[in-house]
Amino acid sequence: FLNLLSVGSFLLVLLPGLVFALQYMGTQTKILFSAGDTKKTSATLLLQCILALALFVVLCPATLYPVWYDGLVYHLALPKHYWLHGGLTQAPHNFFSFFPQAIEMLYLLALGLGGELAPRLLNAFFGVLVLLLLWESAAGKTNPSSRYLPLFLIMGTPYWYICTQMVFIENALAALLVAGLFLIVETRNNHEQTDWVALGLILGTVAGSKYNAAALIAPLCLWLVFQLIKQKSRSGFMMFTLPLLLSASPWYLRNLFLTGNPAAPLFWGYPQWSANETQNYQAHLSRFGLSDGTFLEKTSGVFQALFSAETFQGLTLGQAPFLLLCLLLLFAKKVPWKKAQLYWLLALWGTILWTISSQQTRLLLPVEVLLIIATCKCFITTEIPQRLKALTFALLSCIALYGFYSGFNACERGFSAWEAVLKMKSQDNYIRSHNPSFAIKQLTKRLPKNGQKTLLLGETRTYYMNRH
């Protein structure tokens, strides 16, 4: 009963946002069905049924407690550690404790309000938020059905499925990044000072959540500052930079004071690390994809992933549809590249960063969202023969279906979510089947809290250990 009560309080906090989302979806549905053409309505209904079925497959397992490794050692374990200790205390036993964690603070809020299930529900909400933003990115197109193209492209990216089910932060990063780009357009059209404040907070949160995300938006932030200085807008400059620094800097300042390295453990590791430990960490980062290959091998990684998925953690990157559309656009006439130039440039820069750094497949997801918006903005408005467009959509459908299945299959092999849903497993049995030490953690909860500590050998997944 207490767990239901805490989840209820968490949903109550989210209620205004959920009401807004439902109103928005209702308005969009009315617009889609307002056309009198029966064929269009039938096609739209078919697309909506496919979308609803796909969402059901993705979101239903989000009602299960998290069991995936990354969440239990990092994205959820650290917020749980802070919650148990009553503040952002050091966690020297956790390798990830000095990484930027702005989005994890949202998981901390969810954990405090809604219990151990709430962060996973919040993570699933971020996956849906990405879909809503992609839907909005295709607004104003003559054919309403074309708005479904970016949705199916992202759902055909295996790591959108995986990041929506497992507790990662890539969907949240992608959503914030796209929302920030939308706001840039708003600041150009409306010149509202509050837009600059919101933009600074959003981009600062992105920079304060992941090192590679900070590197991705750094050129964008510098360009915005340069534009404000060029316009001699002192108020706009202050309204943007202060929220940006306020939301981004705490994690870097914390690292600087505690370790002397604002980007710990990158570059030169932690102060207590030996040269051998720092080298081992760099080797860990280089084992993903072609990170340890030659420069030529690295630069070909995006294309090699099409044919050798086993090199990239056994999964396609999901980039085939974008490469196909880009190839088609290269041979088309009068392509409106400028309509999406900011998305193209950021996506190119993000691809370069991914190529020269650790080639983990999920790290490319925010870049893929940018690519989807850029290609769809150009493809939908470009004059291409109808027969060629139909053939392209047929190919894209097959690729997207395969990508969606790949994500589903990876999740089922990893933590059997749908098997647990269909067999109606209890939450405790489900956790125990994927985290063998869960029984020991349950036992330690019943021990008196008299200052004794529990030592787990070879077990780093401490999320369900509700002790200091």
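This is a predicted model: local features need pLDDT of at least 70, side-chain atom pairs count only at pLDDT 80 or more; totals for chains, interfaces and linings use all residues.

Trainee: Which residues line the largest cavity?

Mentor: Pro-66, Val-67, Trp-68 and Gly-71, then Arg-120, then Gln-165, Met-166 and Val-167, plus Phe-415. By class that lining has 6 nonpolar, 2 polar and 1 charged residues.

Trainee: OK, packing. How many residues are in the largest nonpolar core?

Mentor: That core has 116 residues, and Ile-154, Trp-160, Leu-203 and Phe-240 have the most contacts inside it. Helix H18, residues 365–381, gives the largest share, 12 residues.

Trainee: What is Phe-240 in contact with, leaving aside neighbours within four places in sequence?

Mentor: Phe-240 is in contact with Trp-196, Leu-199, Gly-200, Leu-203, Cys-221, Leu-224, Val-225 and Leu-228.

Trainee: Switching to cysteines, what does the disulfide count come to?

Mentor: The count is 0, with sulfur pairs needing to be within 2.5 Å. Take Cys-376: the nearest cysteine sulfur belongs to Cys-378 and is 9.5 Å away. For Cys-411 the nearest one is that of Cys-163, at 9.1 Å.

Trainee: And are those two, Cys-376 and Cys-411, buried or exposed?

Mentor: Cys-376 has a relative accessible area of 3%, so it counts as buried, the cut-off being under 20%. Cys-411 is buried as well, at 0% relative accessibility.

Note on methods. Residues are numbered from 1 along each chain as its sequence is written. Side-chain values use heavy atoms; hydrogens and water are left out. Buried means under 20% relative accessible area, exposed over 50%, partly exposed in between (1.4 Å probe, protein chains only). On a 1 Å grid over the protein atoms alone, a cavity is a set of points where a 1.4 Å probe fits but cannot get out, and a pocket is an open set with protein on both sides within 12 Å along at least five of seven lines; lining residues have an atom within 4 Å of a point. Ala, Val, Leu, Ile, Met, Phe, Trp, Tyr, Cys and Pro count as nonpolar, Asp, Glu, Lys and Arg as charged, and the others, Gly among them, as polar. A nonpolar core is a set of buried Ala, Val, Leu, Ile, Met, Phe, Trp, Tyr and Cys residues joined through side-chain atoms within 4.5 Å. Helices (H or I, at least four residues) and strands (E, at least two) are DSSP runs, numbered from the N terminus. Contact means heavy atoms within 4.5 Å.
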